[in-house]
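Open your viewer and keep the selection tool handy.

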Amino acid sequence: MPGKRTSINPPEANRLCKRCEIQESLVVIRAEPLCRDCFTRYVHTKVAKRMETFRVRYSGIGQQRKLLLPISFGVSSVTLLHVLNHHLGLQQEKTGRTGFDLHVVHVDTSDVEDNTAGAALMHVVQKRYPRHTYSSILLSDVYDSEEALSVLNMLEPETNKAIEKHTALHDRLSALLASLPSATSRADMVQILRTRLAVRFAKLHGCEAILWGDSTTRLAERTLAETAKGRGFALPWNTADGESPHGLAFYYPMRDLLKKELIAHADLAQPPLAPLLWEENRKVAVSTKNVTIDELMARYFETVEKDYPSIVANVVKTTGKLKAPVTSADDTACGLCHMPLIEPRFQVEQRCDGQSKDSMQVEAPRALELSLCYGCARTMPEDTGLLP
Amino acid sequence: MAPHICQLCNTSRAQILRPKNHARICAPCFIDIFEREIAETITSTNLFQPGERIAIGASGGKDSTVLASVLKTLNDRHAWGLDLVLLSIDEGITGYRDHSLDAVKRNSVEYDLPLKIVSYEELYGWSMDQVVAQIGKKGNCTYCGVFRRQALDRGAAMLGVGHVVTGHNADDVAETVLMNLLRGDLPRLGRATSILTSTPSATMSRKETEADGGEVTITNVKRSKPLMYAYEKEIVMYAHYKKLDYFSTECIYSPEAFRGSARTLIKNLERIRPESILDVVRSGIDMAKLVPNAEGHPKGAAEAVIRNEVEDEAEGGCGGSNAKEVVSEMAQMEQKLRQDEQAEEAGTETEIKLPSKVLDGQRHDRDLKPDLPPEAALTTYVQGQNHDRHSQTDGQQLPSDIRTVPIRTKQEKKSSRKATRDAPVPKQRLGQCERCGYLSSQAVCKACMLLEGLNKARPRTGIEVG
């Protein structure tokens, strides 16, 4: 839980770490009491296992591989940066070079979304882990038609022209979000656009893959949330490691770690990660009107994670067994989320609802150039012209 | 505030806010569109053949009552020529079933449909009250479910009917989808969203059934859910506006932790976005195509899904909550998963139970949980969980024209080491139970197995219940 800075279980007196049996345990991870060092090692090992493909020996000398790390200043993405930073340090020590370079990017949505980190923490992060490249971009940049996405260098003052352009882009994004019927649709749209923007950025900067900071818990939430939004067909592409339909590989190196474990680790890391984290102000929404589907699932798994962490892990594991259908570059893709459409989507909607004339959703495609998947048809504004 | 006009007929005042999509319509239009949507579901999936004999699984609850009413209405209206009959199961639960059976009897009179009642007592020699008195309240749902599955099929066979319809609605299907995601049960997830399921022999060689003179036996009964896309709230609304007579209550013996949890999620989802119930169903249908079958390939769309001997969803009533029970099921699963995980990390063997090997006609493992689904032939899949730690972990199939990036994990290394130690799991044959002739992949079917256990422990003096 954000804001909760206590360890998972209160330390028990005279209880030794199960693994090294030397030091006193500070946390209990999946029924094992662990000391600070062993716990830290546990976290690092879990991530390192997932980064096997990017070992030094797999990178050619002179061709440095580049990976993009989108950061939200939440505990998961910051921890990923922290661990990878250490990992790269070790690689450098042992071999004199690294298996890859990290480009950290923050997609700033604070001008259109409440309750989200602004770019201020970037300085702090950059100071602590200086070896990497850092960028901060606005979500409204997704409307930017120019080839090179303008990267805001925080030290440089914006020129008037730049300010004008950004205002225009921002207005378009705001108009789009304002046209959506519900909080869920808005949250969904922001998520989709953020992913698209990250992909575009990655390609522009020569990154071969994107490393997302999603924890086990977050992946479980995503599984259920996307199912509830009608995107079950795309689950393998949204949660699995490997090539994504965006033309880039997606990896989730934190997928074996639970959110609560990461929170505990953030306290025990040396130095602690707290100054780098953005404290989410989770207001307890009494009315269900503004709770989004994503939040609903987040709260649900927060509860499940407390007592039944293995069930959370099992959900992710199960989803991992779903086999994505084989697709080719010729397949139509959803105009919004870019997932491959194996079957035509609009007809399906009609069959479910019968020939209902009372249907409130805009089922019939207005602009036939845009094919949409079932889930995006739900989120979609009436005026598809508002889309980037 | 000016009263709203019905969005469909544009004449009457709109009294109803439709749960499915918040449309404002009048009552007659609602009844009309509800019926039309079900008709559309039936015709677009070719659910029924003209002149077919259909048994309606009637519990007296709202779903089956509405189902009976709508089918009767549509049958008359569209002249489908269906031969409808009501089929009711008496589990022998005092205070629950006896009241709802009265409702069914009233329905039978009202819709002018013949009624057949089949009781557990007459089929098996045990009523549910007696079973619970014997084994307590844990695991009693398994018995009820197994018995009910057979009871419906047997009842249908007695009537000479090859197709049973049940009142499962969209909420039920959505709950099942979420529940199976939470439980990590892929095969059931694959089956949960099929509107039509059949026993294997119904889809197998026609020669066998023809040899019997085309008779319906308990081995070839089809099962379908015409209300699959109808919202529970709308079913209640329909029953209300048509003043249908039903009896609603929750089965007193049952909670199920995962289903209860899934049910809460569905209710909350509905509040946030009413369309999400159908969205979950839609996702479930799509995901079913991605579930790998025994050979590891995605299933693809299958017309008639073959159901397992023990079906998945309980009918209607199961869903009451008993906090203690709710905790225990999830806690059990948590414990099991954790043990497996620890064993894996420690490099030791996990307990792998193969599908029960039948020697001398007797099962030699003490596992009384549901049998393995046929697709589990090549994986070890017991108690609804996959015990095969060595199932391929390389994840999804990648398009062949894209360079694959392998991720070798510790798990994979272990699996290559242990490959020789795993005996190949024997494929399950589909045959008949030697005791009762019911379809079974074992020599003795599930129900006979359970009964054997019950009968052995039955005290000599009879126990009077209630």
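Select chain B: among its contacts (heavy atoms within 4.5 Å) between residues at least 6 apart in sequence, 74% join residues at least 24 apart. This is a predicted model, in which local features need pLDDT of at least 70 and side-chain atom pairs pLDDT 80 or more, while totals for chains, interfaces and linings use all residues. Residues are numbered from 1 along each chain as its sequence is written, chains are lettered from A and ligands numbered from 1 in the order written, and side-chain values use heavy atoms, without hydrogens and water.

Next, select residues 160–178 and 183–204 of chain A, helices H4 and H5. Their axes are 9 Å apart at an angle of about 140 degrees, and H4(A) and H5(A) are therefore oblique to each other. Show side chains: A:Leu173, A:Leu176 and A:Leu177 of H4(A) meet A:Arg186, A:Met189, A:Val190 and A:Leu193 of H5(A).

Now pick A:Leu336. Beyond its neighbours within four places in sequence, its contacts include A:Met189, A:Ile192 and A:Leu372. A:Leu336 is also one of the residues touching the most other members in the largest nonpolar core, which has 135 residues; A:Ile210, A:Phe301 and B:Phe34 are the others named. Such a core joins buried Ala, Val, Leu, Ile, Met, Phe, Trp, Tyr and Cys residues through side-chain atoms within 4.5 Å.

Methods: Buried means under 20% relative accessible area, exposed over 50%, partly exposed in between (1.4 Å probe, protein chains only). Axes are lines fitted to C-alpha atoms, for helices over the stretch in contact, and angles run from 0 to 180 degrees between N-to-C directions. Helices (H or I, at least four residues) and strands (E, at least two) are DSSP runs, numbered from the N terminus. Angles under 35 degrees count as roughly parallel, over 145 as roughly antiparallel, 65 to 115 as roughly perpendicular and the rest as oblique.
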